[in-house]
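The following note is intended for a colleague who is meeting this structure for the first time. Please read the numbered points with the sequence and the model in view.

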Amino acid sequence: MKRVSFVILCVVALAVVVFSGETYMVEAVTCNPIELSPCLAAIMMPSQPPSAACCSKLKEQQPCFCGYIKDPTLKQYMNNPNIPKVASSCGVAYPPKC
């Protein structure tokens, strides 16, 4: 009986720990390379700094970068040496490898 009580106590304690923490909502990112269109000017003209809209989209789409790089139809565009520079200007890490 002591063993059953101990197991129940452990399960209740675990439930309290799991459900008492803050709840975080994770918003799914829809990977769509068209979303990066505000960055075209900064990518094509390296002397032009990225806009706030560009930086916002880069941050939003960051989880998608490796998928874009691995996609055969997008790879040629994602290998542009200016993309990591624009991302860096926005404070967004660009993956060195995927």
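1. Tyr-94 has a relative accessibility of 17% and therefore counts as buried; the classes are buried under 20% relative accessible area, exposed over 50% and partly exposed in between, with a 1.4 Å probe and protein chains only. This is a predicted model, in which local features need pLDDT of at least 70 and side-chain atom pairs count only at pLDDT 80 or more, while totals for chains, interfaces and linings use all residues. Residues are numbered from 1 along each chain as its sequence is written, and side-chain values use heavy atoms, with hydrogens and water left out.

2. The structure holds one aromatic pair. The ring centres of Phe-65 and Tyr-94 are 5.4 Å apart and the planes lie at 40°, so the pair is tilted. Under the rule applied, rings of Phe, Tyr and Trp (its six-membered ring) pair if their centres lie within 6.5 Å; planes under 30 degrees apart count as stacked, over 60 as edge-to-face and the rest as tilted.

3. The pair links distant parts of the chain, 29 residues apart: Phe-65 belongs to helix H4 (residues 65-70), and Tyr-94 to the segment after helix H6 (82-89). Helices (H or I, at least four residues) are DSSP runs, numbered from the N terminus. Phe-65 is buried, its relative accessible area being 1%.

4. Cys-64 is placed in the loop between H3 and H4 and, at 2% relative accessibility, is buried. Not counting residues up to four places away in sequence, Cys-64 touches Val-29 and Cys-31, where contact means heavy atoms within 4.5 Å. Cys-64 and Cys-31 are 33 residues apart along the chain, and their C-alpha atoms are separated by 5.6 Å.

5. How many salt bridges are there? The count comes to two, a salt bridge being a side-chain nitrogen of Lys or Arg within 4 Å of a carboxyl oxygen of Asp or Glu. In one of them, Glu-35 and Lys-57 have their closest N and O atoms 2.5 Å apart. Glu-35 lies in the loop between helix H1 (2-20) and helix H2 (40-44), and Lys-57 in helix H3 (residues 52-61), so this pair ties together parts that are 22 residues apart in sequence.

6. Lys-57 also forms a salt bridge with Glu-60, with the closest N and O atoms 3.5 Å apart. Both residues lie in helix H3, three residues apart, about one turn of the helix. Glu-35 is partly exposed at 28% relative accessibility, Lys-57 is partly exposed at 22%, and Glu-60 is partly exposed at 35%.

Notes. Helix = DSSP H or I, 4+ residues; strand = E, 2+ residues; numbered from the N terminus.
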